[in-house]
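Please keep the sequence and the model in view while reading.

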Amino acid sequence: MGEKTVSLLDKKAVDRTITRITHEILEKNKGYKDLCLIGIRTRGIYLAKRINDKIKAVEEIELPLGILDITMYRDDIFKLKLPEVKKTDIPFDLNNMTIILIDDVMHTGRTTRAAIDAIMDLGRPRKIQLAVLVDRGDRELPMHPDYAGIFYNGSPEEEVLVRLREIDGKDEVIVVRT
Amino acid sequence: MKWSRKDLLGIRELSKEEILLILDSADSFKDISRREVKKVPTLRGKTVITLFYEPSTRTRTSFEIAAKRLSADTINISASTSSHVKGETLKDTARNLESMRPDVIVIRHNMPGAPHMLSRIVDSSVINAGDGAHEHPTQALLDLFTMREKKDRIDGLNITIVGDIAHSRVARSNIFALRHFNTRITCSGPPTMIPPDMESLGVHVEYDMNRAVKDADVIMMLRIQKERGGISYIPSVKEYSTIYGLKAEHLKKAKKDVIIMHPGPMNRGVEITDEVADGPYSVILDQVENGVAVRMAILYLLTGREA
Amino acid sequence: MKILIKKGRVIDPKNGRDEILDILINGNIIVKIDKNIREKVDNVHVIDASGLIVAPGLIDMHVHLREPGYEYKESIRTGTMAAVKGGFTSVVCMANTDPVNDNKSVTEFIIKQAKAEGVCRVFPCGAITRGLKGEELAEIGEMYAAGIVAISDDGKSVKNSETLRKALEYAKLFHIPIISHCEDEDLSKGFVHEGKASVMSGLDAIPAIAEEIIVKRDMAIAEYVNSPLHLTHISSGGSVDAIGEMKKRYNQVTCDTCPHYFTLTDKATLSFDTNTKVNPPLRSKEDVDAMKEGLRNETIDIIATDHAPHDITSKDVEFNIATSGISGLETAFGLSLALVHEGVLSMKTLLKKFTENPAKLLKLPYGELTPGSPADIIIFNPDLEWTVDRNTFASKGKNTPFHGWNLKGRNLLTIVDGKIVYRDPVFK
């Protein structure tokens, strides 16, 4: 049984997709007023930074940027092998803000649930919207992304991997079958 | 680094990696106490029992707050309300508590090894919150956390511990923890309060307080353990205070950015003057705050350990 | 009924014997020791001891049989069963029973009970002072007439030097030794040896000098009044040195140590296992080495067990409040044979410390294989490897720090007064 790898997005496609999501965010919110970006550890952080860079290129402004660690809010924490808790770093007041929550892959919706709970303990934003690079479908909770790069509903044996140059050395989205 | 221990009985058996994992985790948990909503759902449905055979306000409250901020349920049992006074053995108490299916039992006891005995009887995780003159691991971990926070490092520090070393579980646990790092530890106090074999633990013994605090980065003051007969090792508290009480003049001999620590409760005017305890070098209240974070980290690691 | 033990390697330190011989027992007496004894097959029980060692039954001059008063810890019955299993055919039981053996009625009770229930010889040791209180002398003469072989306040020292002096002088009348437990009470308010391990465990500690200063005091008084003195369960190197010095000029001082003092160090207490709590406490590696050297150079005359059986509840508590002691009769010989395997002692010297020497000190007609003497004999395999399992102990006391240890050498058969009282299941 070998591993089979299929490419979903290459380097250029990753960049184009992030650009599109950026424009959709600005379009839907009619600009950048009261917007902030919060990336979910780990790859959501880098996606959030790239979106912020693209907004800066268009609007010549940087949005408040935060990092969210959802470990303490997971519903499966004791079924996992003791995930390491890392820091949440949101250096701004998120009351009455519109939060763009950013993650690499959305699947069951449980991470999103944990992220929303974590944010609610930190303040009372006006709105939370969700942006993901890949939507895998197969939701277990009533959650839906506001912005999705691509939709890929593969089989349970498949794993969708998002690779970003900041930590993985290159940009791509691949499907691995085991 | 993964955590696999069921219990935290002492620092002695911990590796450097385990100590650092606790400190790093505590970093994340510290933020929760500074939020408006000081609670996360991590330990929802878990039960933590604190079983205290010795009076304690600080440590028990700290554990209770730590557990509650993680959403665990806490029950406090103290010797005065438990069956201990009716003559029930620790073994029977342990078995009874175990029947109530707690996830963690935090025990403080006046006899060394009592937590070890408890851990052999129960399946719950056991945390040693101080056993006689043996160990007080969570105190040492919060002390290291505070040193690292204030100094950005532990390696290279000169640490001076002053007081009743012989009867101090805080000194022991700190020494066991600090020897994993490249530190110089000096123990000072009346010769009657320092065991003859103290230096076998790799520390320096300097009876002269003025020499002991020279170039110290950290001065840790201990209190006289009156409940462990500490008073009989010195002619009088007054004389002790004259010779070993930490005064402003001592700080001039230490490093310019020295920090003053004390595990509490303090005997003001005995081992430390008000001026020093409340002065700019004192990190005593930081220790208390960090204690909650460190205990949250430990509760998290023990309940979520790899089976 | 005759018993013929054939082809065993007979080692008898008293008679200087070490060769392959047969031993013939008739009734309760050894009648013949020779090569190839031929007897008519009928009415003779023949035991093939080839490949095994045949030795005089061992003598343990320091046990606690707990009867009367503490039968839930041990009884004369169970204690002597443990003894014969461990290779002992005679034991000396200490006086700290309830009531204390400080008068002839208790002595008589023990002797009577031992005759009725015991499976080996039991010799009571009387108290030095009434109620072991260290104040007034017990009725030593009456106890002597009833059968005590020594006197001791074992469990503590006679604190008052004047009282000890009187006891040493008075005991001369009966030619019995005083067995001294050496421990300075004021320096002994602890639970473990003072050293690196106690610094680590935070357990209140007892310095070695607590033993040594009493060793020196007791020897000084004994020498002054010219009376025999035996120092029991010696544990510190300093004591061995002091005794060695005294022996150069005074020949009425003897001493013993116990297997745990030449086997375990205070490191064992770091687990807080209450089975490692003994009095005197387990000491340092240097002290363990000094015990071995003392045994080798004959400063230490005797190995005794200080068999101190306890009920589970006495040990299943916090270290500070656990009672002291090790149930030692069933592991002592196996642990001691390690001294032979390590090359510290010859087999003959080891056996001497278990037979000839205690017999001489206590003036007992045992501990030897001499035609005409009572047949107290053991047969053992010095190389048999086995694992200590306290659940199989004959003693009621399961308190041992050696549970699960692998030992080399075990007693297989015990004969007391011509009767086979113990046979190991592996010995057909």
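A:K87 and B:D31 form a salt bridge, with their closest N and O atoms 3.3 Å apart; the term denotes a side-chain nitrogen of Lys or Arg within 4 Å of a carboxyl oxygen of Asp or Glu. Between chain B and chain A the count is two salt bridges, and seven residue pairs are in polar contact, both residues being at pLDDT 80 or more. A polar contact is a pair of N or O atoms within 3.5 Å; within protein, one must be able to donate a hydrogen and the other to accept it, and residues adjacent in sequence count only if both atoms are side-chain atoms. On the side of chain B that touches chain A, the elements giving two or more residues are α1 (16-33) and α11 (284-303) of chain B, and α1(B) gives the most, with six residues. Helices here are DSSP runs (H or I, at least four residues), as are strands (E, at least two), numbered from the N terminus.

The model is predicted: local features need pLDDT of at least 70, side-chain atom pairs count only at pLDDT 80 or more, and totals for chains, interfaces and linings use all residues. Residues are numbered from 1 along each chain as its sequence is written, chains are lettered from A and ligands numbered from 1 in the order in which they are written, and side-chain values use heavy atoms, with hydrogens and water left out.

In terms of contact (heavy atoms within 4.5 Å), 22 residues of chain B meet 14 residues of chain A. The area buried between chain B and chain A is about 1,600 Å², of which carbon and sulfur atoms give 62%; buried area is the accessible area (1.4 Å probe) that two parts lose on being put together, summed over both.

Chain C, in turn, has 18 residues in contact with 22 residues of chain B. About 1,700 Å² is buried between chain C and chain B, with 62% given by carbon and sulfur atoms. In chain C, the residues that lose the most area to chain B are C:V199, C:M200 and C:E318, together 37% of what that side buries. The count between chain C and chain B is one salt bridge, in which the side chains of C:D316 and B:K91 meet (2.6 Å, N to O). Of the two pairs of chains in contact, chains B and C share the most contacts. Chain A and chain C are joined by no contact, and their closest C-alpha atoms lie 29 Å apart.

Which salt bridges tie together parts of a chain that are separated in sequence? In chain A, the side chains of A:D171 and A:R50 meet at 2.8 Å, N to O. A:D171 lies in the loop between α4 (165-168) and β8 (172-177) of chain A and A:R50 in helix α2 (residues 43-59), so the pair ties together parts that are 121 residues apart in sequence. A:D171 has 8% relative accessibility and counts as buried, as does A:R50 at 7%; buried means under 20% relative accessible area, exposed over 50%, and partly exposed in between (1.4 Å probe, protein chains only).

In chain B, the salt bridge between B:R148 and B:D24 spans 3.0 Å, N to O. B:R148 belongs to helix α5 (residues 137-151) and B:D24 to helix α1 of chain B, so this pair links parts that are 124 residues apart in sequence.
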